[in-house]
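Here are some notes to read alongside the structure. Keep the model open and look up each residue as you go.

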Amino acid sequence: MKILKTTNDNLDENVINESIEVLANGGVILYPTDTVYGLGANIFDNTAVRKVFDIKNRNFLKPLSILISNTKSIDLVANVSILQKKVLNKYLPGPYTFILYKSKIVPLYVTGGRATVGVRVPKNEIACKLASLFPITTTSANISNEQVLDDPKDILKQLNCDVDLVIDVGPIESKASTIIDLTSNKMNYIKRD
């Protein structure tokens with residue numbers, strides 16, 4: 001496991017480049033977002049996504065959300081209407097996960113076999129740059145149903161495993177993203193389980 005330190009204010013591009021290389025080669029990374037530290041893998045690499053499920057001890061039928069680099073990329077991963085686009089452009093980038101009908105390119109193993117996908121565009125330069133070449137998983141870096149921690153050292157102890165790479169910006173305020181279901185004609189806020 002490699003730990004790379006940087007800051008959100010003075011981002012080291014070498015950290016981003018090395019992290020993208022790890023993701024492109026099937027690795028799993030621990031990275032900061034605008035809400036919590038996340039576990040990232042290339043969504044098109046089944047083995048890497050499986051590692052994320054294993055690390056979290058997460059049921060394979062429980063979907064993972066995906067992170068994309070900007071709102072223009074939403075059309076690649078989801079089928080969205082003009083009305084939905086207006087909502088997405090109003091709230092993103094930001095601390096929200098929007099549930100949308102997935103496009104065909106999003107693998108079913110990421111979504112737990114569902115026709116929908118959770119999509120994030122965080123207000124965090126590091127996270128968005130990590131998804132500049134392909135979408136990545138975005139799920140809180142914790143064991144399923146256990147406390148979400150804010151410091152990489154504590155997170156790694158809880159996970160009790162080696163991720164391939166850690167982007168350490170120090171402790172961040174841990175507050176999960178708000179989940180909003182846009183699959184009906186109105187916005188439905190979803191309570192986390």
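**A surface patch and other places to look**

1. Phe44, Leu76 and Ile105 make a nonpolar surface patch of about 290 Å². Patches take residues with over 30% relative accessible area and no salt bridge, joining nonpolar side chains (Val, Leu, Ile, Met, Phe, Trp, Tyr) within 5 Å and like charges within 9 Å. The areas come from the Shrake-Rupley method with a 1.4 Å probe, and for residues only the protein chains shown count as cover. Isoleucine 105 sits in the loop between E6 and strand E7 (116–120) and is partly exposed at 43% relative accessibility. Buried here means under 20% relative accessible area, exposed over 50%, and partly exposed in between (1.4 Å probe, protein chains only). Helices (H or I, at least four residues) and strands (E, at least two) are DSSP runs, numbered from the N terminus.

2. A word on the source: this is a predicted model, in which local features need pLDDT of at least 70 and side-chain atom pairs count only at pLDDT 80 or more, while totals for chains, interfaces and linings use all residues. Residues are numbered from 1 along each chain as its sequence is written, and side-chain values use heavy atoms, with hydrogens and water left out.

3. Now turn to the inside. The largest nonpolar core has 58 residues, and Leu30, Leu39, Ile74, Leu100 and Leu130 touch the most other members. Such a core is a set of buried Ala, Val, Leu, Ile, Met, Phe, Trp, Tyr and Cys residues joined through side-chain atoms within 4.5 Å. Leaving aside neighbours within four places in sequence, leucine 30 is in contact (heavy atoms within 4.5 Å) with residues including Tyr37, Leu39, Ile155 and Val166.

4. Is arginine 120 buried or exposed? Arginine 120, in strand E7, is buried, with a relative accessible area of 3%. A polar atom of its side chain lies 3.3 Å from the backbone oxygen of tyrosine 96. Not counting residues up to four places away in sequence, arginine 120 touches several others, among them Asp34, Ile66, Pro95 and Ser177.

5. Proline 95 belongs to the loop between H4 and E6 and is partly exposed at 38% relative accessibility. The loop between helix H4 (82–91) and strand E6 (96–102) also holds proline 93, which is joined to leucine 92 by a cis peptide bond with omega about 0 degrees.

6. Asparagine 57 has a positive phi, near 55 degrees, in the loop between helix H2 (46–56) and strand E4 (65–67). Asparagine 145 has a positive phi too, near 70 degrees, and lies in the loop between strand E8 (136–140) and helix H6 (152–159). Asparagine 57 is exposed at 60% relative accessibility, and asparagine 145 is exposed at 71%.

7. How many salt bridges does the structure hold? There are six, each a side-chain nitrogen of Lys or Arg within 4 Å of a carboxyl oxygen of Asp or Glu. One of them pairs lysine 129 with glutamate 13 (2.5 Å, N to O); this pair links distant parts of the chain, helix H5 (residues 125–130) and helix H1 (residues 13–24), 116 residues apart. Lysine 129 also meets glutamate 125 in a salt bridge (3.4 Å, N to O). Shared partners join Glu13, Glu125 and Lys129 into one network.

Key: A polar contact is a pair of N or O atoms within 3.5 Å; within protein, one must be able to donate a hydrogen and the other to accept it, and residues adjacent in sequence count only if both atoms are side-chain atoms.
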